[in-house]
Amino acid sequence: MASLSKLPFSERAVAHPHPLAKRLFQLAETKKSNLVISADLTDSKSLLACADSLGPYIAVFKTHVDLVSDFSDETIQKLKELSKKHNFLIFEDRKLVDIGNTVQKQYHGGVLRLSEWADLVNLSVLGGDGIVEALDKTVTAPDFPFPEQRAFLILAEMTSKGSLATGSYTQKCIDIARQFPRSMIGFVATRALGEDQAAEKEDFLVFTTGVNLASKGDKLGQQYQTPASAVERGADFIIAGRGIYASADPVEAAKQYQAEGWSAYLKRVQA
Ligand code: 5BU
């Protein structure tokens with residue numbers, strides 16, 4: 001099956017082996033949204049206000065909490081409350097990349113305590129598959145406090161100019177993800193991945209960053225595509241940041257990205 005799936009989220013929810021992927025497909029279908037807001041805001045008040053005002057229109061709230069100057073337990077507590085209120089998942093775009101022993105401590109514990117609040121976290125396999133094995137072990141350990149409620153996305157491609165995450169590196173990401181179905185549920189990528197050699201029951205979720213309706217890129221190497229083009233290329237979930245939170249009316253912008261992303265998804269599954 002793999003990415004660029006023509007199956008509706010409701011069917012993928014039923015078939016998917018991972019409970020968090022099931023939950024995400026279900027809530028996306030309920031809210032008619034495949035939109036992820038990348039809330040790159042730098043203080044807790046703005047971050048939480050963004051989650052509360054855009055919460056009804058999104059499937060996932062993506063954070064970089066190390067950008068938040070006054071980040072604290074209270075920020076997290078309130079964000080968790082908002083995720084319940086508006087029924088969205090929280091994705092920390094932490095891009096873990098280190099040896100297994102270190103990432104285990106960065107993920108479960110440490111100053112950010114990611115495992116306690118981030119439903120999804122992403123990682124890079126630059127250092128090989130040890131990082132994946134380590135994080136897989138952490139979330140599948142018998143004493144892990146949130147069994148089957150946490151998962152990871154592998155950073156298989158990047159949207160920045162000159163990205164080295166291409167070709168055989170991207171292929172390796174797919175090979176590694178296939179070995180850890182209990183924790184690796186998909187990729188951050190600019191297109192569908194692996195569908196040519198997909199195993200029958202495989203269903204990786206594809207999250208695509210670099211989505212913007214008004215701009216083609218920024219001055220620091222970011223490259224954009226539209227919600228419709230991202231979904232046509234295989235995105236299940238589209239991630240937009242400045243296109244929404246920095247627009248004159250973020251709620252209206254979120255509604256527009258939601259509508260475009262969802263209608264592109266419907267077009268794909270109805271084709
Ligand atoms: P923007 O404002 O829509 O450009 O924000 C994009 C967000 O997605 C930002 O948080 C980046 O860190 C993140 N991102 C990205 O832009 N490109 C990538 O390849 C990956 C993440 Br991975």
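**Cysteines first, then the ligand site**

Guide: Cys 50 counts as buried because its relative accessibility is 8%, and the cut-off for buried is under 20%. Cys 173 is buried too, with a relative accessible area of 0%. As for disulfides, the count comes to zero. Bear in mind that this is a predicted model.

The space it takes up is the largest pocket. Around the ligand there are 16 residues, and the ones that come nearest are Asp 40, Thr 159, Gln 222, Tyr 224 and Arg 242. What kinds of residues make up that shell? Five are nonpolar, six are polar and five are charged.

Let's zoom in on a few side chains. Gln 222, one of those nearest residues, has a polar side-chain atom 2.7 Å from an oxygen atom of the ligand. Lys 62 also puts a polar side-chain atom by a ligand oxygen, at 2.9 Å. For Ser 38, the distance from a polar side-chain atom to an oxygen atom of the ligand is 3.0 Å. And how much of the ligand does the protein cover? On its own the ligand has 490 Å² of accessible area, and the protein covers 90% of that.

Note on methods. Residues numbered from 1 in each chain as written. Predicted model: local features only at pLDDT ≥ 70, side-chain atom pairs only at ≥ 80, totals over all residues. Heavy atoms only, no water. Near = heavy atom within 4 Å. Polar contact = N/O pair within 3.5 Å; in protein donor to acceptor, adjacent residues only side chain to side chain. Areas by Shrake-Rupley, 256 points an atom, 1.4 Å probe, with all protein chains shown as cover. 1 Å grid on protein atoms, 1.4 Å probe; cavity = no way out; pocket = protein on both sides within 12 Å on 5 of 7 lines; lining within 4 Å. Sits in = over half its atoms within 2 Å of the grid points. Nonpolar A, V, L, I, M, F, W, Y, C, P; charged D, E, K, R; others polar. Disulfide = S-S within 2.5 Å. Buried < 20%, exposed > 50% of the residue type's maximum accessible area, 1.4 Å probe, protein only.
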